[in-house]
Amino acid sequence: MGKFLISAGVLLVIAGLLVEFGGIFLPLGHLPGDIHITSEHGSIYFPVVTCVIISVILSALLNFFSR
């Protein structure tokens, strides 16, 4: 249980650093393929490609650590 908590803590720290400083290196949320619709009444943003990339990365990490 201790090793799991340490691993989870390290992953949370890395995730926090990516959220805080990741915009400088990774332009997630503003990739080609993300849908942004603007009209006179407002705007809608669908980060489709960003969600796919995050899903692939998380799936790879979970498969790597589950073995």
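Start by selecting aspartate 34, which is buried because its relative accessible area is 14% (buried means under 20%, exposed over 50%, partly exposed in between, with a 1.4 Å probe and protein chains only). Before clicking on, note that this is a predicted model, in which local features need pLDDT of at least 70 and side-chain atom pairs count only at pLDDT 80 or more, while totals for chains, interfaces and linings use all residues. Residues are numbered from 1 along each chain as its sequence is written, and side-chain values use heavy atoms, with hydrogens and water left out.

Aspartate 34 sits in the loop between α1 and β1 (35-39); helices (H or I, at least four residues) and strands (E, at least two) are DSSP runs, numbered from the N terminus. Show its side chain and look for two partners. One is the backbone nitrogen of valine 48, reached at 3.4 Å. The other is the side chain of threonine 50, in a polar contact at 2.9 Å. (A polar contact is a pair of N or O atoms within 3.5 Å; within protein, one must be able to donate a hydrogen and the other to accept it, and residues adjacent in sequence count only if both atoms are side-chain atoms.) Now bring up the surroundings: leaving out residues up to four places away in sequence, aspartate 34 touches Gly29, Tyr45, Phe46, Pro47, Val48, Val49 and Thr50, where contact means heavy atoms within 4.5 Å.

Hop across to threonine 50, which belongs to helix α2 (residues 48-66). Is threonine 50 buried or exposed? Buried, with a relative accessibility of 7%. Setting aside neighbours within four places in sequence, threonine 50 is in contact with Leu28, Gly29, His30, Leu31 and Asp34.

For the last stop, select Ala15, Leu18, Ile57, Leu58 and Leu61, which lie nearest the centre of the largest pocket, out of 15 lining residues. About 540 Å³ of space lies in there. Here α1 again gives the most to the lining, with seven residues, and α1 (2-25) and α2 each supply at least two. Colour the lining by class and you get 13 nonpolar, two polar and no charged residues (Ala, Val, Leu, Ile, Met, Phe, Trp, Tyr, Cys and Pro count as nonpolar, Asp, Glu, Lys and Arg as charged, and the others, Gly among them, as polar).

Notes
1 Å grid on protein atoms, 1.4 Å probe; cavity = no way out; pocket = protein on both sides within 12 Å on 5 of 7 lines; lining within 4 Å. Points joined across faces, edges and corners; volume = space filled by probe spheres on them.
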